[in-house]
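Here's a quick briefing to read alongside the model. Have the structure open and follow along topic by topic.

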Amino acid sequence: MKSKLPKKNAVTREQAEDAVRTLIRWAGDDPKREGLLDTPKRVAKAYREFFAGYNVDPCAILSRTFKEVEGYDEIVVLRDIEFESHCEHHMVPFTGKAHVAYMPENKVIGISKLARLVDAYAKRLQIQEKMTAQIANALNDILQPKGVAVVIEAVHQCMTSRGVHKRGSVMQTSHMLGRFRSDARTRQEFFSLLRSK
């Protein structure tokens, strides 16, 4: 599987800062006032961090595997992977936890790679449903395990700080592949592992 990174647009930092000044004026303030003078620079720098996932190739993250596993073929799960992302509809944050599991066929990856994979997709403009599927599909395509399961729980500021203003609402999504989809016992074991805290 070849990863598809979005093509870079030729936008300079200066153009990005000018766009922020325009938004400040549109919001009703003066970008030349003292408290806002450096805001465009800070926002541009923050955006580089928020959307660093566009510069990360998920295939490269998962490229190093380990085959010396003594025949281990049961569930590997890394749960409570905290992430921050931004809704592609309103460009406001959604934050939460991802739980990622797979059943190795004949190789495993370092667990930090699972967290890096989550970040690679979270640090982009996203919707939670797509992000859940992207993580699962990348892990499945590259590692080719017996099965993959991804569950994401997140709070969306587009629900809590605007629109319907429903605080405390948590959205859950899941994507199951291989044994996790076809075998109810495997799926149940995965959910039991998530509950055992």
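Let's start with the strands: β2 (residues 93-103) and β4 pair in the antiparallel sense, with ten bridges between them. Keep in mind that this is a predicted model.

- β4 itself spans residues 147-156 and is mostly covered, with eight of its ten residues buried.
- As a reminder for reading any of this, side chains in a regular strand alternate between the two faces of the sheet.

**Aromatic pairs**
- Searching the whole structure turns up six aromatic pairs.
- One of the six is phenylalanine 83 with phenylalanine 94; the rings are edge-to-face, 6.0 Å centre to centre with 80° between the planes.
- Phenylalanine 83 lies in strand β1 (residues 76-87) and phenylalanine 94 in β2, so this pair ties together parts that are eleven residues apart in sequence.
- Both phenylalanine 83 and phenylalanine 94 are buried.
- Phenylalanine 190 and phenylalanine 191 make a tilted pair, at 5.2 Å centre to centre and 55° between the planes.
- Is phenylalanine 190 buried or exposed? Phenylalanine 190 is buried, because its relative accessible area is 0% and the cut-off for buried is under 20%.

- For background, most residues other than glycine have a negative phi.
- Glutamate 70 isn't a glycine, yet its phi is positive, near 55°.
- You'll find glutamate 70 in the loop between α3 (58-61) and β1.
- Glutamate 70 is exposed, because its relative accessible area is 83% and the exposed class begins over 50%.
- Methionine 91 is no glycine either, and has a positive phi of about 60°.
- Where does methionine 91 sit? Look in the loop between β1 and β2.
- Methionine 91 has 38% relative accessibility, so it counts as partly exposed.

Methods
Residues numbered from 1 in each chain as written. Predicted model: local features only at pLDDT ≥ 70, side-chain atom pairs only at ≥ 80, totals over all residues. Heavy atoms only, no water. Buried < 20%, exposed > 50% of the residue type's maximum accessible area, 1.4 Å probe, protein only. Helix = DSSP H or I, 4+ residues; strand = E, 2+ residues; numbered from the N terminus. Pairing = 2+ DSSP bridges. Phe/Tyr/Trp six-rings, centres within 6.5 Å; stacked < 30°, edge-to-face > 60°.
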